[in-house]
Amino acid sequence: MSLPPLTIGKYTIPKPIVQGGMGVGISWDRLAGTVSAEGGLGVISAVGTGYYGDKAYADKLVAGRPLDAENFYSKKGLAAIVENARKICGDAPLAANILYAINDYGRVVRDACEAGIDIIITGAGLPTNMPEFTADFPDVALVPIVSSPKALSIICKRWEKRYNRLPDAVVLEGPKSGGHQGFTYEQCFMDEYQLENLVAPVVEEAAAWGNIPVIAAGGIWDKNDIDAMMASAQPSSTSTAQQRTVEPIGPKPGIVPGFELPEGEDRSDVDADGIAHLRIDVAGRPMNVLTPGFQADLSECIDKVAGDPAIKGAVISSAKSSFMAGADIKDMVGAFDRGVTPLEASQFSYSLQKLFRRMETCGKPLAAAINGVALGGGLEVT
């Protein structure tokens, strides 16, 4: 099977293979630069850039390691990675993978754009405000990662309504992607959630928004896998495949965002009194729990409430029969399998504390309509 070039925004990928963005230290200048030089799309991971060049770009070390989040990620380190990748691939298209759930997501996106990245790929949550951070870089293509047609539909609706734009492409990750996924542990073993069975419905959803290119990812190792994914898609749609270098593959708990301002037109998310109604509904869970994706979405909503003068306050409620439990125990257990470090775990905990403090000091009254159980961190949300 001969594969046509892949177009993402204004960029053409001669060989439609997208290299997976894996951190720390795997998907950096040499791998990404070489892939782009050979005609594919090289992807730089923006995670842990303070470690680049033997930690030369981290301003402060403790026990030989970058101290805290501001040194674990380094803007200077990311810029150096991009610069050295360009020495390999020249002006060929080059992408960056930036996790939505990280601290200061918007700042890292802008840093990547300033460094000369052409394409931003984002997962680990639904990046509903991704275009906001690239407004000053109109040539940068935006590629969200999804795990279902519903997720793609939500992103397209939000982007079209808020920013009058759509994704330039979309990555569809199956349960073998080995990263931050939109699946529960049990779903990783169910046939209906396997990548080959997700491709067709996502391609169909993408076609409804104007034939957005779909990049299938997770368990794509060779041309046979690529051919199988292409065969799973509708012939009339554009699709390609994403390959990863060898990394541990296995079932891992999903990161499922679920906090949103209800959809609607003419500010129907805000009532006549200027009160925004925020509903928690973490998908795939019998109870709402605190996932990294939920945290990112909650942070976005609080920023929206605080920054919109038409919104006088907000009421937080639950779409489920209970209000909210605490931490996502499945994700915490899976953190060991994913190799989450103590530093990363403490950073997540601290960022959650900062978010709760932001809710207390945002300048707008927030009330919780508790309809059932509210435990641990779920009680702190109130």
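Lys320 is buried, with 15% relative accessible area. Here buried means under 20% relative accessible area, exposed means over 50%, and partly exposed is in between (1.4 Å probe, protein chains only). The model is predicted: local features need pLDDT of at least 70, side-chain atom pairs count only at pLDDT 80 or more, and totals for chains, interfaces and linings use all residues. Residues are numbered from 1 along each chain as its sequence is written, and side-chain values use heavy atoms, with hydrogens and water left out.

The side chain of Lys320 forms a salt bridge with that of Asp281, at 3.0 Å from N to O. This pair links distant parts of the chain, 39 residues apart: Asp281 is in the loop between strand 14 (275-280) and helix 9 (292-307), and Lys320 is in the loop between strand 15 (313-318) and helix 10 (329-338). Helices (H or I, at least four residues) and strands (E, at least two) are DSSP runs, numbered from the N terminus. Asp281 is partly exposed, at 33% relative accessibility.

## Other salt bridges

The structure has 10 salt bridges. Each is a side-chain nitrogen of Lys or Arg within 4 Å of a carboxyl oxygen of Asp or Glu. One network of salt bridges links Lys75, Asp104, Arg107, Asp111 and Glu114. Within it, Asp104 and Arg107 meet at 3.5 Å, N to O. Asp104 is partly exposed at 46%, and Arg107 is partly exposed at 36%.

Arg165 and Asp168 also form a salt bridge, with their closest N and O atoms 2.7 Å apart. Asp168 is buried at 19%. Arg165 is partly exposed at 22%.

## Val47 and the cysteines

Val47 sits in the loop between strand 4 (42-45) and helix 2 (52-55). Its relative accessible area is 19%, so Val47 counts as buried. Beyond its neighbours within four places in sequence, Val47 contacts Val24, Trp28, Phe72 and Leu99. A contact means heavy atoms within 4.5 Å.

A search of the whole structure finds 0 disulfides, a disulfide being a pair of cysteine sulfur atoms within 2.5 Å. Cys89 is buried at 10%. Cys362 is also buried, at 10%.

## Helix 7

Helix 7 (residues 195-208) has 14 residues, which should span 20 Å at 1.5 Å a residue; its end C-alpha atoms are 20 Å apart, so the two agree. The expected span is 1.5 Å times one less than the number of residues. Buried residues in helix 7 are Leu195, Leu198, Val199, Val202, Val203, Glu205 and Ala206. They cover an arc of only 160° around the axis, so they lie on the same side of helix 7. That arc is taken from the directions from the helix axis to the C-beta atoms.

The cover over these buried residues includes helix 6 (149-163), strand 10 (170-173), strand 11 (214-217) and helix 8 (223-232). Gly210 follows helix 7 and has a positive phi, near 110°.

## Confidence

The protein chain averages a pLDDT of 77, and 81% of the residues score at least 70. pLDDT is the predictor's confidence in each residue, from 0 to 100. Confidence is highest in strand 7 (residues 94-97), at a mean of 93, and lowest in strand 13 (residues 259-260), at 40.

Over residues 243-268, pLDDT stays under 50; the model has 100 contacts beyond four places in sequence for them. Where pLDDT is low, the predicted coordinates should not be read in detail.
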